[in-house]
Amino acid sequence: MHEMSIVQSLLEQVRSFMPGRAVLKDVHLEVGGLEHLDGEVMQTVFTALTDGSELAGAALRIVRIPVRIRCRSCGHEYEPEDTAVLLCPECGVVQPEILQGTGVLLKSLEIEERSD
Amino acid sequence: MEIPVVENVLKHNDQFAQLNRQTLREAGVRCLNLIGSPGCGKTTLLEKTLSALGGEMPVGVLTGDIATTRDAQRLARHCRAVSQINTGGGCHLDANQVREGMGRLPLKELKLLIVENVGNLICPVGFDLGHDAKVGMFSVPEGDDKPAKHPRLVLESDLLLLNKTDLLPHVPFDLDGFRRDLAAIREDASLLELSASSGDGLEAWLEWVRAFVAAPRASAAPAAP
């Protein structure tokens, strides 16, 4: 369960990008399909850590990035339905190179200028 | 208004990992990140490894646990350069904790640093520590379905170990199924089957470690595994 430390890092990053007179509305995050992170737990932690702070009320928007593989034997690229079965649908060999599906990326912030 | 960012959330960890990699490189130390479940036999394997290799090469160990210094005490009987990292509840080691741990070891005297991660097949996999290779460890009592349930560890490990093979006659474990599941994720996965406590298969592991320490480093720093 490392959602807590990931969300803490995320919030540090978010704060470093926030202009002074702004209200945070949305945080857009991309999470790779091979990352062992539970979206619901991240939401709970995000709410708990922003509540009562200047970021209170902001929403965490998570997009899961599908795992994408390149076969090292024939070069075919595919997205496996089950990450425990990675054989190439083209040549039947199991020599996967992960092209996409790891990492946690802060994509963008949605903010509103403070009116007061 | 949208502010585009596009930044890795693990940026700070990865920066520390690169620093660790550079420090280890300058000191001429090769580093292994050992990942496995609680109770799979990581510490027993390290006791046997230190006792066998101690006369050949100086080895240091950083051992991670939520609490206690029991592992460090066990390993200190076989090696002087041991330091415990207590995460206080954290489920994995991060690169900054390893950096602090490295500071407590006589790095320049070592040839090999083994980081025994917190017992967990899940969280440690996503954190680069600055290691040169990752070793994923399973054991027979955990059941034969662990590779299928933890494909990322299989995909990212340079070597996989199946420990406690001495228990194969006593517990339900489909060894062929285990091997098949590994091959369904990666047919070129390197697997060593051993029993750290009985010593069966241990020599192949020691040979792998010797070859790993002797192997020349890649010229460029490897990408974060």
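Helix H1 (residues 3-17) of chain A lies across E1 and strand E6 (104-113) of chain A together with E1 of chain B. H1 runs at about 45 degrees to E6(A). Contact means C-beta atoms, placed from the backbone, within 7 Å. Axes are lines fitted to C-alpha atoms, for helices over the stretch in contact, with angles from 0 to 180 degrees between N-to-C directions. Helices (H or I, at least four residues) and strands (E, at least two) are DSSP runs, numbered from the N terminus.

This is a predicted model: local features need pLDDT of at least 70, side-chain atom pairs count only at pLDDT 80 or more, and totals for chains, interfaces and linings use all residues. Residues are numbered from 1 along each chain as its sequence is written, while chains are lettered from A and ligands numbered from 1 in the order in which they are written.

**Exercise 1. Work out the strand order of the open sheet.**

- Step 1. The order is E2(A)-E1(A)-E6(A)-E1(B), with mixed pairing. Pairing takes at least two DSSP bridges between two strands.
- Step 2. Strand E2 (59-65) of chain A and strand E1 (2-8) of chain B are the edges, each pairing on one side only.
- Step 3. E1(A), residues 22-32, and E2(A) pair in the parallel sense over seven bridges. Gly32(A) stands opposite Ile65(A).
- Step 4. E6(A) and E1(B) pair in the antiparallel sense over five bridges. Ser108(A) has Pro4(B) as its bridge partner.

**Exercise 2. Describe the side of chain A that touches chain B.**

- Step 1. 30 residues of chain A are in contact with 29 residues of chain B.
- Step 2. E6(A) gives the largest share of this side of chain A, eight residues.

How values were computed
Two residues are in contact if their C-beta atoms, placed from the backbone, lie within 7 Å. Ala, Val, Leu, Ile, Met, Phe, Trp, Tyr, Cys and Pro count as nonpolar, Asp, Glu, Lys and Arg as charged, and the others, Gly among them, as polar.
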